[in-house]
Structures are given as C-alpha cells and as structure tokens.
Amino acid sequence: MLGVLSYLNLGTFSQAAPAAVGGTSIPGVQQASNDKKAIKISGLVKDAAGEPIIGATILEKGTSNGVVSDMDGNFTMNVSANAVLHISYIGYVDQDIAVAGKSVFNIQLNEDTEVLDEVVVIGYGTVKRRDLTGAIASVKGDEVAANPVSNVAQALQGRLPGVNVISQDGRPGATISVRVRGGGSITQSNDPLYVVDGFPVSNISDIPASEIESIDVLKDASSTAIYGARGANGVILVTTKSAKEGRVKVSYDGYVQVKNVSKTLETLSAQEYVLHNWSYAASRGTANQDAVEKYFGLGSKYGNHYADYANVKAHDYTDDVLRTALTHNHNVNISGGTDKTKVIFSLGYINDEGIKINSDYNRLNASFKIRQQLAKTLDLDVDFRYTESNMNGQEGVTNGKGSNVSGAYRYRPIDNPLGGVSYSEVASGFSFGVANIDDKHNPVELINDITNKSYSRSLRGSAALSWEIVKGVVARSELSLTRSSSKSTYYENGYTNGDKRATLNRGMGDGLRSVSTLNYNFELGKNNSFSVLLGNEILKSDSESSQITGRGYPGTFDYDTTMGLIHTATTSFSATNSYSVPARTVSYFGRLSYTFMDRYLFTGTFRADGSSKFAPDNRWGYFPAGAFAWRLSEEPFMSGTKDWLSNLKLRLSYGTSGSDNISSNLWRETWSSWVRAVTIHLLTVSLAHSIVRMVCWPIPN
C-alpha cells in the first residue's frame, strides 16, 4: 500500500465548512448535514490484500460533500439517500458506488498499475523502474502496435537508446538486424538474445505487435550477467499480454495498408546515358570506343545518332521491379475470467504483399494462456503458442552489387539502341559492362525467373507452478517445450543460367527449457529492503536437415513439376542429410538486491554456465556483476527541487557476460587437406582454446 498522509491533496475541494475524518474535522471539505433528506452512512476502505487504506477520499458526486478515511480505513458521513459515492486514492483505480438506501459499505480499491511506478522485466523477475541499477530501455506494447509493420523488430527503430535496428531491404519478411550497443564479435553472431515470456528464441519476427505487453532491453553487463554465456550481445525481453480478471471481452483490431516507394534514384536521360558511356569508353581505348559507337550508332562511321537520343524516352527498370502493394492485418482477442481462473486467446493473420514484384509474406498466429489458482498460495500458468509463416521472393545480395532490385538502375535505359546490332557483336568491347546491356540480365526477367519460397511453423508450450511458501517467499518451477519445422524451395526457370535448377531444403528442430527459482522479498526495519533470487536453468536443443539439389530439367517442367520430380535432374543431382550436434546448457544463478532508505540501491548478480558448445575441459564459465545506484533526488538537500525534478539517479556498474551463440561442433578440431604440387596443407582449428594454427607438412621424396 502506498504512503499515506503525504499524498493527501485537498486543494480540489472548495474552502467551505469543515468535515469529519473519523470523527475529527478537517478544513476544505463540506458535509451535507443540513439536507433534510440526508442519511448517515459509514464504511471501511481497504486494498486487495484486505489492509485498510488511510486517507482515501469519499466524495458525494456532484457536490463538495466529502470525507477521508481514518487510520483504520473507516469513514462516516451524511449524504443524500440517492447519492453516488466516488472513492479515490493515489495509486488506485477510482470507484463509484450508489448509496441506494444502504448505510454500511465495505469498499475495496484495486491498484492502478498505470499510476504506480512502471514495472520493468529484468530477467527471472521484475523491478520498479525507479529501483533500477542497470542500463535498461523499455517500450510499451501500445507504442509497438502503433506501427503497422509485419516484424515487430522494425517498430523498435529509434525508440530505444543504444539499440540500432536496420532493415536489410524492404521485402516483406526480410531479415532485421538488431544491435545492442554495437557488435562484439568479428567472426560470430552479434545478434542479441531474444527471450519471449521466459523462453529463448532466435528472433521475434513471428509475434504480432498486438499481443505484446512490453519489450525491455538489457544493455550493460551488470544487467545481462544474469544470462551469463548468452548475454554479451544484449538481451531483449518480450512480455506478451496475460489474462485478466473480468467478464468475457472480445476485441478486434486490424488495418489495411497501401505501400509504395517514396523515392527512387534519379536516372540519366537516354542522351545523357549514351554520352556518359561514349566518353568513358573513349578514355579506355579505341576498342572500347568503337564497341560503344557501333552499339549505340554514334559517330560518322555508325550513323551519327547521338542527337536522335534526345527524343528517346529512358526506361527506368527500377519502376518495373517495384509496385504498389497491399497489406492487411487482423487480430482477434478473447479474454476474461474470475478471481481464480483467467483465460486469454488470441488469433492473428497478416498478409503482406511486397513492393518488389514476385514477393509476399503471410503469417498465422494463435496463442492461448490460462492462469488457474489451485490453492490460496498455489498458481498454475499454462501457455501455448503456434505460428505458421510463408514467404516468397527471398533474395540476397548478388555479385557485390546489391540485389536485382537495388541494382536495376544499372541496366540500359534504352530499349532499342539505334546502332541496330546485337549486344553479342560488341560484347568484347564492353568488357565487364556487358552485363548491363545483355538481354539475359534484364532485372525484371531475372526476378520473375526465380521462385524462392520458404515455409515454417512452430509450436511452443509451457507450464509453470508458483507456490508462495510463506509470506515473501515464492518458489516457481517452469517447463517449456518447442517444436519447429521448415521447408524452403529455390527454382530457376532457365533464364538466369540457361537451364532449369532446383533446390529443396527441409528442417526440424526441438527444444526444452526447465527453470526453477526461489524469490525472497523482505524488509528489516523501515529503511532496509532485500530481494533474493536463486535459480537453476537447463536448456536443450536438437535439429536435423536435408537438402536435395538438381540441375537440368525438361523445358516442359514448371515449378510444381520440378519440385515433385526433383530427383529426375539430368545434368547433376545431390542429396544430403545432416544432424546437428545437440546443444546442452546447465546453469546456476543468483541475485541479491538491497535498498537502504529508498536512496541507496545495491545489486549483485552471479551466474555459472556449463555449455556443451565448448571443449570438455573448458565448458564452465562464471559471470559476476555488481551495480550501485544513488537516488539523489530523495536526499534532504534536494528537497528544493521537487517542483521541477522528479528523479535524479547516479549509477555505477560492473559485470561480465559471454556469448555461446556458435555452432555446437565448433570447438572440435577440424582437418581439411588439399594437394598442390608436392605439398599437403593441413589446417587445424580449435576455438575452444582460442587457438588457430596452420601447419604445412611436405611429402617425403
């Protein structure tokens, strides 16, 4: 319960006759004691825990007649028989109650979480923002949902200090690069650890923005140390919405979006393009100059058509590979429950048509959460989440010049050069620039020639038991399972490389997470507050995949036929299966938080991680951290700043964290050999001991 008398604000009442507070008059509130229809009422105001609320305001609506509750939460007053009471208190939800002839009232006020200090997720627990000692940035779900994007990571751009979000391209479903305070590795991943409702995931692209309650980012080592060997690149904690008590509520939100490119590169006119290439070719040599003149019909030898290009319209192929696209998103949410059983079900669908031709993305999400009070001190939480997504048009960077979209402006802007010759007649004179005039490099045809589709689905289920052993001591045990499968196909119809090619990939994976924690919150006297966390975590993951690649299919085969008969390739064919080395992690962790006089904050964290991704003699890592914060604004000498300064805090922290985001087999010595002349080169790599060495052994004569 919040502090009491210091929060009273009677300035909203008119300065009239005094009113009673538990039998004692106070200034500023007027009672309706002279009303001939007045009746005397009494009551008790308490919080959800049954504790009396001291200083709650009870006001007869529409009048200035009101009182405040006494030290025991009791009140008495005279009101009209048909009055409506308005009960309020700082940090609690206001409540209106009709008198309706009653004389005794038992009133319960519920805490208003929007008024109380904002609660921040810090890993295996929460803390009020004002009590933070580490560097943490947060964004509310409403702010994320206000951005109509298919990937919620895009909505974080510019909203969190120290977090850099970059979209690789405008394609729907494209990879989003997220960096927390920059990158820390040259050769391995710099992606942060994503944790959704406690479960570590590879990304958050499959979570609808409407389901997110909050996103908290742990940035410095003192706050990420609780995640040990997985926290070096920062930790992004996503909390999804939970079931709440109340009558059944059905809500829908959605949007329809029309997208197009706001701006493209301005290209040269046909005549400017010809002049540029003519001038450059002349500087390269006679052979290059003659090839350009012949192809475009320049100079007296080839028709003197330079002036004619002023009347030739330039063809901007960037406009051809882009389009106006339509996106629609729909989310349905059903929630409700009693004080013992709370349920929430969400269903979402998004269809995102890409602004690039031959690209689109759609996703289906379903989630179900239930919270059941099994006993007064025992709660069960169950959470299921299913996601299914389809993406078409995936395209990476090609030849170091960008994708077919970003490089489309390079292709010749003149459909019919006035030289009247085929590019093949002058190809040698164009050297490396021949690709920009070759009909086989038309960006529109290249994009339409390739069909690149991917399909994925995942199912995650978790269950947790929370037991309040005694007041302030809570034990929680959680078990989560996940299962995923994926399929991707790549098909060339013959335009790109002259023959039909196909690749089919399939993959499966599963994971397990088990966490047990014990929290103890207690106070010693008025000025000492403690919070202790002890925990154990076990992580397990396995995966397997297969790939079939073929080249050389009949001209009558289309995409569907080729994928169905991929084994009938005539030029080349290969099939591989792979099984990943299982990843296992066992962890023990703890955190101690101490607050003195609500001004001096101390936090100590320690974690020990044992990971199978490292060599057997080097699998355990230890990650200590400590932080101190001084809330200067609460010091007596700062009392004169209360009118304009709400919170001033100095922080000092130190911590260690690591990164095991590597292949499970990378620690093993790997040998590769090849023969050149009479020397065999052997390469040995052992990352577990941070050694990279190369040895050359000559072959004996």
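## Strands, a surface patch and salt bridges

D352 is buried, with a relative accessibility of 5%. The model described here is predicted. D352 and K259 meet through their side chains in a salt bridge, with 2.6 Å from N to O. This pair links distant parts of the chain, since K259 belongs to strand β19 and D352 to strand β21, 93 residues apart.

**Salt bridges**

Side chains of opposite charge can pair when their charged atoms come close. A search of the whole structure finds 26 salt bridges.

| Pair | N to O distance |
|---|---|
| K259 and D352 | 2.6 Å |
| D510 and K540 | 3.5 Å |
| E537 and R607 | 2.9 Å |

D510 lies in strand β26 and K540 in strand β27, 30 residues apart. D510 has a relative accessible area of 23% and therefore counts as partly exposed. K540 is also partly exposed, because its relative accessible area is 29%.

The salt bridge between E537 and R607 joins strand β27 to strand β30, with 70 residues separating the two partners in the chain. E537 is buried, as its relative accessible area is 2%, and R607 is buried at 0% relative accessibility. E537 and R607 also belong to a network of salt bridges, whose members include R371, D381, R513 and D609.

**The nonpolar patch**

On the surface, residues including V248, Y252, I334, F345 and F384 form a nonpolar patch with about 950 Å² of accessible area together. The elements that give two or more residues to this patch are β19, β20, β21 and β22. F345 is found in strand β21 and counts as partly exposed because its relative accessibility is 32%.

**Strand β4 and its partners**

In a regular strand the side chains alternate between the two faces of the sheet. In strand β4, T57 and L59 point one way while I58 and E60 point the other way, and all are buried. Strand β4 runs antiparallel to β5, and 3 bridges join them. The two strands form a hairpin with 5 residues between them, and G62 in the turn has a positive phi of about 85°. Strand β7 is likewise antiparallel to β4, joined to it by 4 bridges. T57 has V68 as its bridge partner in β5 and stands opposite S88 in β7.

**A buried loop residue**

N233 is found in the loop between α2 and β18. N233 counts as buried because its relative accessibility is 7%. Its side chain reaches the backbone oxygen of D191 at 3.3 Å. Among the residues that N233 touches are V180, G184, P192 and S659.

Note on methods. Residues are numbered from 1 along each chain as its sequence is written. This is a predicted model: local features need pLDDT of at least 70, side-chain atom pairs count only at pLDDT 80 or more; totals for chains, interfaces and linings use all residues. Side-chain values use heavy atoms; hydrogens and water are left out. Buried means under 20% relative accessible area, exposed over 50%, partly exposed in between (1.4 Å probe, protein chains only). Two strands pair if DSSP finds at least two bridges between them. A polar contact is a pair of N or O atoms within 3.5 Å; within protein, one must be able to donate a hydrogen and the other to accept it, and residues adjacent in sequence count only if both atoms are side-chain atoms. Contact means heavy atoms within 4.5 Å. Patches are made of residues with over 30% relative accessible area and no salt bridge: like charges are joined within 9 Å, nonpolar side chains (Val, Leu, Ile, Met, Phe, Trp, Tyr) within 5 Å. Accessible areas come from the Shrake-Rupley method with a 1.4 Å probe; for residues, only the protein chains shown count as cover. A salt bridge is a side-chain nitrogen of Lys or Arg within 4 Å of a carboxyl oxygen of Asp or Glu. Lists of a residue's contacts leave out its neighbours within four places in sequence.
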